[in-house]
Amino acid sequence: MFQPNMFESHHHLLEMAGHKPPENNEMDHLIRDEEYESKSGTDLMEPTSGDDQDPNQRPKKKRYHRHTQHQIQEMESFFKECPHPDDKQRKELGRRLGLEPLQIKFWFQNKRTQMKSQHERHENTNLRNENEKLRAENVRYKEALTNATCPNCGGPAAIGEMSFDEQHLRIENVRLREEIDRISGIAAKYVGKPMLSYPHLSSASSRSLDLGVGSYGTQTGGNIPGENIYGAADLLRSVSGPTDADKPMIIELAVAAMEELIRMAQSGEPLWISSSDSSVEILSEDEYVRTFPRGIGPKPLGFKSEASRESAVVIMNHVNLVEILMDVDQWSNVFASIVSRAMTLEVLSTGVAGNYNGALQVMTAEFQVPSPLVPTRENYFVRYCKQHGEGIWAVVDVSLDNLRPTSVSRCRRRPSGCLIQELPNGYSKVTWVEHVEVDDRSVHNIYKPLVNSGLAFGAKRWVATLDRQCERLASVMANSIAAGDVGVISSPKGRKSMLKLAERMLMSFCSGVGASTAHTWTTLSGSGADDVRVMTRKSMDDPGRPPGIVLSAATSFWLPVPPKTVFDFLRDENSRSEWDILSNGGLVQEMAHIANGRDPGNSVSLLRVNSANSSQSNMLILQESCSDSTGSFVVYAPVDIIAMNVVLSGGDPDYVALLPSGFAILPDGPENNNNIIKNNNNNDEVGSGGPDVGNGGSLLTVAFQILVDSVPTAKLSLGSVATVNSLIKCTVERIKGAVSCDGS
């Protein structure tokens, strides 16, 4: 567009000449000029006679004929449809408008030039506006940098020495420190006291945790975890995140918990006292209260304290360990035998500088022992990660139950977690502290010595599980495997696929063998410890499970032989026919195996049953056995031979249907335990003592998953339940008879 003053000057000249200004003054003016240059006039120069013609006189200018409004409108309409008419179109348009084809050609050329100029002017205007915005933003940034202060000394910051992002993070860090200092004075008045009288927490009171403790009262109220994706609502998902009013208190609790964890991990006596045989460390509760007068408040009535500390060197670098602990999915997978369910409710901070330093998240989790006779422990807590120097990290949990005054919780976590120290060659030293207060009166008698010792939920179990999983991961990542022994899978892709399939099988078994509040067991008969408990679920649209109705059955019982003896018996393919009824007494051969740890019992095997039954000729058995000082597992599942060939060639194992069954083997108590318990079956007195944990009695949980109907909409028959009940009872009797003979 022309500038306004130019338009006004043209308009003024036209008025002085007594002419009405044209409607399209701008375009016509441009067309007249361009027509003059392109010789597009309609009237040629007037002819002159030879007598009148003066050779020295300049020829007269041509007179031009302006296009009519009708002609312009027609050509404008045609231009919108076709900006580049050909000769035929120009002749036809000229014939209709009474113009020469050459005039049509020049008008379209001028029109295209005009449109291009208008587009360029519009684009220049947009670029000019964008440039002005960038210039103004640059000015604001310069002003912000000019006013920046050093977080250490408070003086002007040397901007040239750091990036703008780093400068911004440091300024934000100073602000957060000031906020924590400000709320510390307020929080100090109330931390450690029940917060029942706070009016601003009344809105949160309706969001009770209500972690299903009512089901602990009877043994029929136990539950199977991990199967909620198939139906019933997940209770943990009903817990909402913290309110804005809670967040300052959560930050203060996390900071204090981190300081406490570091001191708990590094202190010796008098805070930690060695036992008489120096086998374990015992926390002095009196010294603890004197050392940490604040915290989450006094121990609730009826609760008992459990505190333990354990250290180990694991084959994993500190960066990966921190990532596993701060990622709820990886954490749940690595500790699947302990964590039955977990989720992150809200991330309050993701950390700074691209890592987890300063990361803060509110979580909820359910911790289990692999048996339906031990109630799970559910916690609502904050997890805080902090770097304490080069290669030294700490991750701490602390319960937030005080922020939910109406919740009914039977377990709360005092500052618990781990201190991770970097070591050479990709190793790390991990010091784990577990400190909880719990009401465990609903634990079955045969498991009480184990739970009371702290081995069931204590630091030793966390560290032993982490150590075993780190060895397993190292086996997955191994690229060069010697193929000396028969059946060793040396292909990296085949190893990785088979280990991934076995990992899914073990996780599925662990999620379905405990007493999670996600699902309810049904006791079939009697009141003894080894009663069979069952539950059903429908499996649909899951490529990792066969479709239909699946019946899960589990039972736990005591055996008067060491856990290692039971573990070796159950994992050995040569003794499988002594307890596996479904093998029909056939010979079991190991087709392939993968060692995944220092212990020779830690391996994944592919077994074949040479049965006379032709229907089993195309079936193999995938088995994983794993053991550490706190417990063992032998888990197996029938698999199709065609599917396993795909897995062994490196194919995707997620589409292999599995229904895992197996065994969880635990020691029956701690080292030098002199407790006497009653076996509910025969009322014999059973001592769980021994030289060490591995040489006492065993607590064995047997769990089966059986597809009773391939149609998911079918109804479960009582005959199917009776069959599974007989199957598991017969298996238990065979195991008892076999290991008792071996142990005698």
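# Reading surface, packing and salt bridges in a predicted model

Modeller: The accessible surface of the protein chain comes to about 37500 Å², and carbon and sulfur atoms hold 52% of that area. Keep in mind that this is a predicted model.

Colleague: What share of the residues in the protein chain is buried?

Modeller: Of the 744 residues, 45% are buried. A residue is called buried when its relative accessible area is under 20%.

Colleague: How many helices and strands does the protein chain have?

Modeller: The chain contains 17 helices and 21 strands. For contacts with a separation of 6 or more, 68% are between residues 24 or more positions apart.

Colleague: Is V280 buried, partly exposed or exposed?

Modeller: V280 counts as partly exposed because its relative accessibility is 47%.

Colleague: Now helix packing. At what angle do the axes of α14 and α16 cross?

Modeller: For a pair of helices, read the axis separation and the crossing angle, then the residues in contact. Helix α14 covers residues 492–511 and helix α16 covers residues 641–648. Their axes come within 7 Å and cross at roughly 130 degrees. α14 is therefore oblique to α16.

Colleague: Which residues of α14 and α16 meet?

Modeller: From α14 there are G494, S497, M498 and L501. On the α16 side, these meet M644, V647 and L648.

Colleague: How many salt bridges does the structure hold?

Modeller: The structure has 29 salt bridges. The criterion is a side-chain nitrogen of Lys or Arg within 4 Å of a carboxyl oxygen of Asp or Glu. For each pair, look at the distance, then the place in the sequence, then the exposure of both partners.

Colleague: Take R90. Which residue forms a salt bridge with R90, and where do the two lie?

Modeller: The partner of R90 is D87, and the closest N and O atoms are 2.1 Å apart. Both residues belong to helix α4 (residues 87–97), with 3 residues, or about one turn of the helix, between their positions. R90 counts as buried because its relative accessibility is 15%, while D87, at 49%, counts as partly exposed.

Colleague: What is the salt-bridge partner of E92?

Modeller: E92 pairs with R95, and the closest N and O atoms are 2.6 Å apart. These two residues also lie in helix α4, 3 residues apart, about one turn of the helix. E92 is partly exposed, with a relative accessible area of 37%, and R95 counts as exposed at 58% relative accessibility.

Colleague: And E287: which side chain does that of E287 meet in a salt bridge?

Modeller: The side chain of R290 meets that of E287 at 2.8 Å, N to O. Both are in helix α9 (residues 285–291), 3 residues apart, about one turn of the helix. At 18% relative accessibility E287 counts as buried, whereas R290 counts as exposed at 58%.

Note on methods:
Residues are numbered from 1 along each chain as its sequence is written. This is a predicted model: local features need pLDDT of at least 70, side-chain atom pairs count only at pLDDT 80 or more; totals for chains, interfaces and linings use all residues. Side-chain values use heavy atoms; hydrogens and water are left out. Buried means under 20% relative accessible area, exposed over 50%, partly exposed in between (1.4 Å probe, protein chains only). Axes are lines fitted to C-alpha atoms, for helices over the stretch in contact, and angles run from 0 to 180 degrees between N-to-C directions. Helices (H or I, at least four residues) and strands (E, at least two) are DSSP runs, numbered from the N terminus. Angles under 35 degrees count as roughly parallel, over 145 as roughly antiparallel, 65 to 115 as roughly perpendicular and the rest as oblique. Contact means heavy atoms within 4.5 Å. Accessible areas come from the Shrake-Rupley method with a 1.4 Å probe; for residues, only the protein chains shown count as cover.
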